[in-house]
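Subject: Structure handover

Hello,

Here is the structure for your files. Please open it alongside this note. My findings follow below.

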Amino acid sequence: MRIVDIIEKKKSGKSLEKSEIDFLLDEYLNNNIPDYQMSAYLMAVFFKGMTEDELAYFTLKMRDSGDVISFPDIDKFLVDKHSTGGVGDKVTVILGSLLAALGMATTKLSGKGLGHTGGTIDKFESIKDFEFSSTRKELVDIVNKTGVGIMGYSDTIVPLDKKLYSLRDVTGTVNSIPLIASSIMSKKLAIESNIIILDVKFGDGAFMKTVDDARELARTMVKIGNNLGRKTVALLTSMEEPLGSEVGNSNEIIEGIEALKGNWSDDVKEVVYYITYLALKEKGEVTTFEEASFLLDKVIEDGSALAIFKEFIKESGGKPELVNNYSLLPTAKSFYEVKSISTGYVNQIKAEEIGIAAMIIGAGRATKEDLIDHAVGITLHKKVGDYVKSGELLARIHFNDEKNLENSRNMILDAYKIQDSQIEKKKVVLEIVE
Ligand code: URA
């Protein structure tokens, strides 16, 4: 078999045989295919795509390039929720405890933030001495004890994705739906669960800027999962404005704790409730969203979800008392009030710009090597649909270093579109893709 024939075949739009995918990916992983030939193949996929069966096999092959974690020793309904990334997305912080309070468990791999989007690992690492499970055994222990199992990605999980993604990044082939879908799903399939729930975001702050692209990505990933025997569903959710009111790390943990106490931002609640509904429906416990909401309200009102969150923090090395004492979390030295310079209705808050405004004061990373400051972030005091008067508070920047404060302020002011007429406030969850 010759790599050049495989490139020619893909270039002409034909589907590759399993043996050809085996050859391509095995030889590339073993450094026997040079980057320039793999780049040509990736570009051919960019233009010609892959058939459903071809993509499912390609994804499986990617997954099998590294460790696959299964849980024969856990007797719980396992949920893996994955978000394609956004600004202010603290859903994972809240969801694990709710699912556990409802008798289910989370088993998932999470990542660090990059660019304007935040990462779950960074948010929890705001908590002093908190450590995620780093081995399968630790993950099993914490799932059995608390029902919340989150582990960081490691080099042994889908190593092929790391290699391919670095190449895609410098060859203009990141933005290909089959390549994105196989990259995400290979990592999801590397850890066992009873259901994968994908939160595919669309809009300004999302990876997929349009609903159509997000829908296509969601459908492609759902097909890959289901074709490979893993129940997979997706939600299309809006990232046209940041999710909730906090953007950062420590402050997003606080917003998450407040949610578990029943003090929700409406948009965060909508996403969390829909995801839980999909999990409960698959488990066979509910048939409607209303039934799921009733159960969720109960575990929040009776404190059982918050108790699980405390247990998760304790088992991970942190101080559970922080749920009632936020001074145990890192706090920024100062804050700056960003005030509106016009009067009217907030019709848009460009999420990407808010994400970058938070990143440049230290809440995020411009490059993988950057260190982050868990204490800093942005609180949004006005959301889309709100009325604001000139001089009124729009947002607060919590900062430690003044270096980029002015830039951050200007970006926040630019992100807020304030107009005379009020637009209709849309739901965050647009549709369910099954
Ligand atoms: N996220 C991933 O994990 N992979 C991609 O290709 C794009 C986004």
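**Ser 408 and its surroundings**

Ser 408 touches Ala 357, Ile 360, Ile 361, Ile 378 and Ile 397, leaving out residues up to four places away in sequence. Contact here means heavy atoms within 4.5 Å. Ser 408 sits in helix H16 (residues 405-415). Helices (H or I, at least four residues) and strands (E, at least two) are DSSP runs, numbered from the N terminus. Ser 408 is buried, with a relative accessible area of 0%. Buried means under 20% relative accessible area, exposed means over 50%, and partly exposed is in between (1.4 Å probe, protein chains only).

Please keep the basis in mind. This is a predicted model, where local features need pLDDT of at least 70 and side-chain atom pairs count only at pLDDT 80 or more, while totals for chains, interfaces and linings use all residues. Residues are numbered from 1 along each chain as its sequence is written, and side-chain values use heavy atoms, with hydrogens and water left out.

**Nonpolar cores**

The largest nonpolar core has 85 residues. Such a core is a set of buried Ala, Val, Leu, Ile, Met, Phe, Trp, Tyr and Cys residues joined through side-chain atoms within 4.5 Å. Leu 98, Phe 124, Trp 264, Ile 354, Ile 378 and Ile 412 touch the most other members. Helix H12 (residues 266-283) gives the largest share of this core, 10 residues. A second, separate core holds 56 residues, including Tyr 28, Leu 109, Leu 189 and Ala 234.

Leu 98 is in contact with Leu 260, Trp 264, Val 272, Leu 296, Val 299, Ile 300 and Ala 305, leaving aside neighbours within four places in sequence.

Leu 280 is in helix H12. Leu 280 is buried, at 0% relative accessible area. Not counting residues up to four places away in sequence, Leu 280 touches Leu 102, Met 104, Glu 285, Val 286, Ala 292 and Leu 295.

**Aromatic pairs**

The count comes to 13 aromatic pairs. Rings of Phe, Tyr and Trp (its six-membered ring) pair if their centres lie within 6.5 Å; planes under 30 degrees apart count as stacked, over 60 as edge-to-face and the rest as tilted. Tyr 274 and Tyr 277 have ring centres 6.4 Å apart and planes at 80°, so the pair is edge-to-face. The two tyrosines, Tyr 274 and Tyr 277, are 3 residues apart in helix H12, about one helical turn. Tyr 274 is buried at 17% relative accessibility, and Tyr 277 is buried at 10%. Ring pairs also link Phe 124, Phe 130, Phe 132, Phe 309 and Phe 312 into a cluster.

**The ligand**

Which residues are around the ligand? They are Tyr 165, Arg 168, Ile 180, Ser 183, Ile 184, Lys 187 and Phe 207. The cut-off is a heavy atom within 4 Å. An oxygen atom of the ligand is 2.9 Å from a side-chain N or O atom of Arg 168. For Lys 187, a side-chain N or O atom is 2.5 Å from a ligand oxygen atom. A polar side-chain atom of Ser 183 lies 2.6 Å from a nitrogen atom of the ligand. A polar contact is a pair of N or O atoms within 3.5 Å.

Asp 129 has a positive phi of about 70° although it is not a glycine. Asp 129 is exposed, at 53% relative accessibility. Val 158 has a positive phi of about 40° and is not a glycine either. Val 158 is buried, at 2% relative accessibility.

Best wishes

Methods:
A polar contact is a pair of N or O atoms within 3.5 Å; within protein, one must be able to donate a hydrogen and the other to accept it, and residues adjacent in sequence count only if both atoms are side-chain atoms.
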